[in-house]
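Here is a short briefing on one structure. Have the sequence and the coordinates open as you read.

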Amino acid sequence: MLKINNLYKTFERGTVNEKAALKGLSLELRPDDFATIIGSNGAGKTTLFNAIAGVFISDEGEIYIDGEDMTFKPETYRARVVGRIFQNPLMGTAPSLTIEQNLAIAYSSSKKGFLRPAISKKDRELFRETLSRLNMGLEDRMKTSMGLLSGGQRQAVTLMMAVIVTPKILLLDEHTAALDPLTAEKVLEITKEVVKEKHITTLMITHNIASALHLGNRTLMMDDGNIVLDLSGPERDNLTVEGLLDKYRQVKGHILDNDRILLSQE
Amino acid sequence: MINQLLGAIELGLVYGLMVLGVYITFRILKIPDLTVDGSITLGMAVCAMITNAGHPFLAMVVALLAGAAAGSVTAFFQTKCKIAPILAGIMTMSGLYSINLLIMNNGSPNISILGSDTLFSMFQTATMLTKHTSIITVAVVICAIVVMLVEFFFSTPTGLSICATGDNEDMVRATSISTDKMKWIALAIANACVSLSGAMYTQYMGYADVTAGSGTIVVGFASVIIGETICVRKNIRIGFVSAIVGSVVYRIIIAVAIKTNLFPTYFLKLISVIIIVIALSIKPIRDSIAASNSKARRVKKSVKNQ
């Protein structure tokens, strides 16, 4: 479903701030794969997501989504097949539009025609049905401004917007990190359900080692612009949180075998 | 006084579409677009030339298209050349000054269209109404048609996407809609409205002047703010009407102030600026008053407790 070959990206090339964010990263996701990604800050997780979503064009390497070469395609083109949710609940929705208008914008990419009402009766039915899945009572508040909702509610609606036209790839960038634990759990629960039901290939960045192991069917660990660990199957099933943390330390110790890592291990 | 009042209403309606254009960029796209000063004069210049050639209706249409072109240029500067929105508007505005002079008979700073047929004069001859009535009727009809068209447009998916672009660009891009295209459409429509307003002004006043547009944006902002205060912006549909209402009320305020010798005519722009600054700073002023009240209350309480 997603195939990345030898991807490189360097920011600020040729300046003192030069930073190689992706160093020959390769990754292949099968249809229905739900992979979690862990890794320390600066490992290149978000850069990888930006590369897949087309925020920038990579320096080297190729990206294929469902067999289509996306390497040089612009962000707006890829958005048809790539859904993305950010950590910040404010980023996924337009606050001064209503809930149904927000959904309509997400939904309109699937429809043709310019000079028609943005929301038809049939659309409204669909939106109502979609929102009722969240169990947040939002289906009765469809004409409420998005800006009046709480962060958790907004993130839940963002999730529904991302999947209302089923994407081929769903990128979740710590999308529950800014929510309180209960809401986070609920949003995660809905995520799991929707991904499973619609068979969406999903990549999720998380800093929660437990959910990295329990969610989905694969766990990837990133470090220094590359994937250093790819766990799946029985090996992953038998791994405990402690075991994964050990592997994490091993990788960090091995790769960054210098005094910086010694200092930070105090 | 009644004549001044009627005059103010007429001028308000004539400028109404300019305010509508400012509303679209300033309130919906949330980009202050300074192209307005240039595109309103562009409308005047184009209209004067074509009206003098004997096509008052065509003049309106061409002015509209010219405005859309001016807006497109600003959009090009903003989205493709990545020039900051305010600067992009200033570039187009300054550039248009030369273009406008070029259009107006190769460099004459003003053109009279007295003696040529205008929409207003044609309507008056056809219906035998009084001058004021016919001017107001024509202006209201044009404003109503444009407002209805704009309202319809903003109820379509494209219109909704433009609203969202002003709200949250990331979100719009994430739904495979090009924000560049949305900005382009919005700026083109806005400046088309502004230019049409300029064309109406020329047919109403009977002349086009290359300097007549300077400071228009300030009047536009002031009118938008007055309109919102009066109409209480509930939704976008009311917002469009409030732009026209704001324009008329602004002119009435100015007419009354001048009539009662509150200030001389040349103070107009200063007064507009003061209105805008006060309106825009109401929230911070209110916040700081609330903060100092809260502090005073708590200091008092702690003194009492000691």
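A residue is buried if 20 or more other C-beta atoms lie within 10 Å of its own, exposed if 12 or fewer, and partly exposed in between. This is a predicted model.

**Helix H3 of chain A**

- In H3(A), the buried residues are Ile99(A), Glu100(A), Gln101(A), Asn102(A), Leu103(A), Ala104(A), Ile105(A), Ala106(A), Tyr107(A) and Ser108(A).
- That is ten of ten residues, so H3(A) is largely enclosed by the rest of the structure.
- The cover over these buried residues includes helix H4 (121-132) and helix H5 (151-164) of chain A.
- H7 of chain B is also part of that cover.

**Where chain B meets chain A**

- Contacts link 18 residues of chain B with 23 residues of chain A.
- On the chain B side, helix H7 (157-167) and H8 each supply at least two residues.
- H7(B) gives the most to this side, with seven residues.
- By class, the chain B side has seven nonpolar, eight polar and three charged residues.

**Helix pair H6 and H11 of chain B**

- The axes of helix H6 (residues 131-153) and helix H11 (residues 236-259) of chain B come within 10 Å and cross at roughly 155°.
- Angles over 145 degrees count as roughly antiparallel, so H6(B) is roughly antiparallel to H11(B).
- The crossing of H6(B) with H11(B) is right-handed.
- H6(B) brings Cys143(B), Val147(B), Val150(B) and Glu151(B) to the contact.
- H11(B) brings Arg237(B), Phe240(B), Val241(B) and Ile244(B).
- The residues of this contact comprise six nonpolar, no polar and two charged.

**Largest nonpolar core**

- The largest nonpolar core has 163 residues.
- The members that touch the most others are Leu20(B), Val46(B), Cys47(B), Ala186(B), Cys193(B) and Leu196(B).
- Setting aside residues up to four places away in sequence, Val46(B) touches Ala59(B), Val62(B), Ala63(B), Ala66(B), Ile103(B) and Ala199(B).

- Asp224(A) is not a glycine, yet has a positive phi of about 50°.
- Asp224(A) sits in the loop between strand S9 (218-223) and strand S10 (226-232) of chain A.
- Is Asp224(A) buried or partly exposed? Asp224(A) counts as partly exposed, because it has 18 C-beta neighbours inside 10 Å.
- Ser176(B) also has a positive phi, near 60°, and is a residue other than glycine.
- Ser176(B) lies in the loop between helix H8 (169-174) and helix H9 (179-205) of chain B.
- Ser176(B) counts as buried, because it has 20 C-beta neighbours inside 10 Å.

- Gln87(A) belongs to the loop between strand S6 (82-85) and helix H3 (99-108) of chain A.
- Gln87(A) has 16 other C-beta atoms within 10 Å, so it is partly exposed.
- Which residues does Gln87(A) contact, leaving aside its neighbours within four places in sequence? They are Asp173(A), Glu174(A), His175(A), Ala177(A) and Ala178(A).
- Gln87(A) and Thr176(A) are 89 residues apart in sequence, with 6.5 Å from C-alpha to C-alpha.

Methods: Residues are numbered from 1 along each chain as its sequence is written. Chains are lettered from A and ligands numbered from 1 in the order in which they are written. This is a predicted model: local features need pLDDT of at least 70, side-chain atom pairs count only at pLDDT 80 or more; totals for chains, interfaces and linings use all residues. A nonpolar core is a set of buried Ala, Val, Leu, Ile, Met, Phe, Trp, Tyr and Cys residues joined through C-beta atoms within 7 Å. Two residues are in contact if their C-beta atoms, placed from the backbone, lie within 7 Å. Helices (H or I, at least four residues) and strands (E, at least two) are DSSP runs, numbered from the N terminus. Ala, Val, Leu, Ile, Met, Phe, Trp, Tyr, Cys and Pro count as nonpolar, Asp, Glu, Lys and Arg as charged, and the others, Gly among them, as polar. Axes are lines fitted to C-alpha atoms, for helices over the stretch in contact, and angles run from 0 to 180 degrees between N-to-C directions. Angles under 35 degrees count as roughly parallel, over 145 as roughly antiparallel, 65 to 115 as roughly perpendicular and the rest as oblique. A crossing is left-handed if the near helix is turned anticlockwise from the far one by less than a right angle, and right-handed if clockwise.
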